Structure formats: structure tokens, C-alpha cells
Amino acid sequence: MRNLLSIVVFSSMLCIVFAVRPEIVDDILPEVKKQGQTAYLNCSVINLQFPAQLQWIKQTTPTGLPQHISSGETVRIDEVVEGRRKYDVVKYRTNNHEIYQLIIRSLTETDAGNYTCQIYLPNQNYKEWPQKLGKLTVQIAPTIKAASITVQEGQNITLNCEANGNPAPNITWKRGDGFPLPNGRFQQRGGTYKIYQIKAIDRGEFICIAGNNVRPPASYTVQLDVGFSPYCTAVQDTVGQAQNRRFHAKLECLVAANPRAVVIWYKANKATQEKDQIQDNDKYTLEQQDDQRLKADEKWYTLLIKNVQGNDYGDYYCTGKNEYGENQAKFQLVGRNSGMPRTELSICMSWENTIKFP
């Protein structure tokens, strides 16, 4: 009789234990962290008693298979990053709840995804186990892939900028020299930027900037090289100088060309109506000046006419030639008191404005 009573009491105790079903009582708040930071996912439970056990499962993995991270406070993945465990589970109590906090350190893009907190119930169908889903978002600063482009004047081109990040970054194009883009705007949104009928003046640096509010933004400078025939510009197209007074006159010519131009100076021959090539000699000095403000495809050439005489007055030409064509700038050398107008271009203004492009 005593043994029968003991069996009845023990059976009643088992019924009480398993009648109180463990539960996950709160939703798992989504976690949003930047790459390299630490994430915390909290799972709050009640009535969790042995042999029931709380488990963390990562649902989103590179292999597509769920990954069992922990059972109780025991982490099953032995991974160390920067001298610390990648995962930890900390249990603490608040009111009548137990909270199992999953800690994920040194976040990378592959850590993002869904994590399941579930209660293992032995001898029960796993589909009936209590569970909640938590989402981890890892914000990635943008990275950019881009390339340099070389084209010929008159062609259509497309600048492409691919940026990766989380959230997806916004891409903006602008010029490195601060001038407007070929379409007249100072900025252009989008990873693809098309330029039609490209001109020599469009050459230079184009900056692709990708930002998604995760600092720092990424940027990449695309050097746009344009092959074009020479553009020759007279810095001062009318130069006056008195004759027979041992004074010199200097003609200055800016030449832009890609590839580099062969530059030849000529003087108009009034008698033959031809242009005579000028050589470096006792009468003329031909020089190329260096200036750091010039672009790589811009050169500054000077013609010094020594001891100006009356027969030196007339028309002069600065001519540039390369594989794409030929162009010239015209100068007039006149007497100082001739009353001829003088047209000057300021040397201090920007070179992009100084060199005239049609």
C-alpha cells in the first residue's frame, strides 16, 4: 500500500513539472550594428526547467544550413576573433524572466541574418518547440570598383561606378576640379553616368562618391583621358613694341593636345603670301615654359623677337599638330603707338578658361 502511494505521488509531481510549459515571452528586438562592432540579441523566457534547454540557432549562413551556436550557456562554436571569443551567451534574471543574451563580436557581413531562439523539449516534436526569430543587420561602409577611361574626342562614353555596402549606398558623381559636369550640373546621381560627344574640355578627374550614412563614405577618382587635336590659344593676340630701340617682343601661346603636339612658329611673308617657319637663332628664341598650374597635356610656348625692327611687324602663328589634326593661334606684332587694340587674357585666371575650346 505504501509503495502504491509513493508511485501516485511521484506521478503527480511529474505531471506538475511538465504541465507548466516553458515559454519565450517577448519578441527579440532587431539589432542594427556597424561592421566590426558587437551585437546583442536577447531572448526572454519563463518556466524553463530541466530537461528543457534554450538554444540559439543561426538560420542565415553562407552554406544555407542552420548553425547551432549554443545550448544553455554553453557555446558550441569555438571561434576566436582578435583574441576574444566570437560568440558568448550570458544568462541573467529580471523580474520573473530569464534572459539569454547572445553576444556576437567583430561583426562582418556574413554575421547578418536571422537568428532563432528556441526551447528544446525532449521527446516532443521539434515543430512544437517554442521559438522566436531575431534579425541582425550589419551595416557595411561602401567600397567602390571603378576604372580609368581613355577615349577620343567626339565619342560617347559611360562611366560606371559599382559600390557595395549595407544599406545600399547612394552614388554621386562630381568633377575633381570643381567645374560643372559635361551636362552642366555640379553633381550627378547614379552609378552610371553617360557623356555624349565628349569634348577635350571634359577631360580630367571625375570623382565617384558612395555613401550610406555608415562612415566613412567611399570615393574613387576616375581619370578621364581624351585624345584630341591641338587647341592653340594666344595669351595676348596683339602685342605692341617700338622699333629700332633694342626692345624685344614676346608672344605667348598655350597649346593643349593629347597626344602631345609638335609646335612650330611661323611668320606671314607679305611678299609671297606664304608662312615662313621660324627657327631658334640670333633673331628668335623659342622656348617651352613649365608651370605647375598646367595640366599634363597643356604646354606653354613662347617666341621672343629680339631687337624689334620695322620689318618684324606683321602676323605670327603658333601651330600645333598631332595624329588627330592641326590647329593654330594668330598673333599680330604692331608698333607701340599704332593705336591697334590689345586683347589680353589674364594669366591669373584658371587654365580651363584660358585655353579656348569651341
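1. In this predicted model, Ile157 has Ile195 of β18 as its bridge partner. The pairing to which this bridge belongs joins strand β14 (residues 157-160) to β18 in the antiparallel sense, over four bridges. The two faces of β18 may be told apart by their cover: Tyr193 and Ile195 form the covered face, whereas Thr192 and Lys194 form the uncovered one. Strands of a sheet pair through backbone hydrogen bonds, either parallel or antiparallel.

2. An open sheet of four strands comes next, with the order β1-β3-β10-β9 and antiparallel pairing. Its edges are β1 (23-24) and β9 (87-94); each has a single partner strand, so one side of each is left without a neighbour in the sheet. Within this sheet, strand β3 (residues 39-46) and strand β10 (residues 97-104) pair in the antiparallel sense over seven bridges. As an example of residue-level pairing, Ser44 has Ile99 in β10 as its bridge partner.

3. Another open sheet has five strands, in the order β21-β28-β27-β23-β24, and its pairing is mixed. The edge strands here are β21 (238-240) and β24 (274-277), each of which pairs on one side only. On average, neighbouring strands of this sheet are turned by 30° against each other, with direction ignored. Strands β23 (residues 262-269) and β27 (residues 314-322) pair in the antiparallel sense over six bridges, and Trp265 has Cys318 in β27 as its bridge partner.

4. Which residues have the most contacts inside the largest nonpolar core? They are Val45, Leu54, Trp56, Leu102, Ile104 and Tyr115, in a core of 27 residues. The elements giving two or more residues to this core are β3, β4 (53-58), β9, β10, β11 (113-120) and β12 (131-145). Of these, β3 gives the most, with four residues.

5. When neighbours within four places in sequence are left aside, the residues in contact with Val45 are Glu23, Ile24, Leu54, Asn96, His97, Glu98, Tyr100 and Ile119. Apart from the core described above lies another, of 23 residues, among them Leu251, Val255, Leu303 and Cys318. Cys318 is also the bridge partner of Trp265.

6. The charged side chains form a separate topic. Side chains of opposite charge can pair when their charged atoms come close. The count of salt bridges in the model comes to 12. One of the pairs is Glu31 with Lys33, whose side chains meet at 3.3 Å, N to O. Glu31 counts as buried because its relative accessible area is 14%, below the 20% limit.

7. The side chains of Arg203 and Glu298 also meet in a salt bridge, at 3.0 Å, N to O. Where do the two residues lie? Arg203 is in the loop between β18 (192-195) and β19 (204-211), while Glu298 is in strand β26 (residues 298-305), so the pair ties together parts that are 95 residues apart in sequence. Arg203 is buried, at 2% relative accessibility, and Glu298 is likewise buried, with a relative accessible area of 2%.

8. Lys283 forms a salt bridge with Asp312, and their closest N and O atoms are 2.6 Å apart. This pair links distant parts of the chain: Lys283 is in the loop between β24 and β25 (284-289), and Asp312 is in the loop between β26 and β27, 29 residues apart. Are these two residues buried or partly exposed? Lys283 is partly exposed, with a relative accessible area of 23%, whereas Asp312 counts as buried at 4% relative accessibility.

9. Salt bridges may also join into a network, as they do for Arg85, Asp88 and Arg105.

10. Is Thr74 buried or exposed? Thr74 is exposed because its relative accessible area is 51%, over the 50% limit. Thr74 and Val90 are 16 residues apart along the chain, and their C-alpha atoms are separated by 9.3 Å.

How values were computed: Residues are numbered from 1 along each chain as its sequence is written. This is a predicted model: local features need pLDDT of at least 70, side-chain atom pairs count only at pLDDT 80 or more; totals for chains, interfaces and linings use all residues. Side-chain values use heavy atoms; hydrogens and water are left out. Two strands pair if DSSP finds at least two bridges between them. Axes are lines fitted to C-alpha atoms, for helices over the stretch in contact, and angles run from 0 to 180 degrees between N-to-C directions. A salt bridge is a side-chain nitrogen of Lys or Arg within 4 Å of a carboxyl oxygen of Asp or Glu. Buried means under 20% relative accessible area, exposed over 50%, partly exposed in between (1.4 Å probe, protein chains only). A nonpolar core is a set of buried Ala, Val, Leu, Ile, Met, Phe, Trp, Tyr and Cys residues joined through side-chain atoms within 4.5 Å. Contact means heavy atoms within 4.5 Å.
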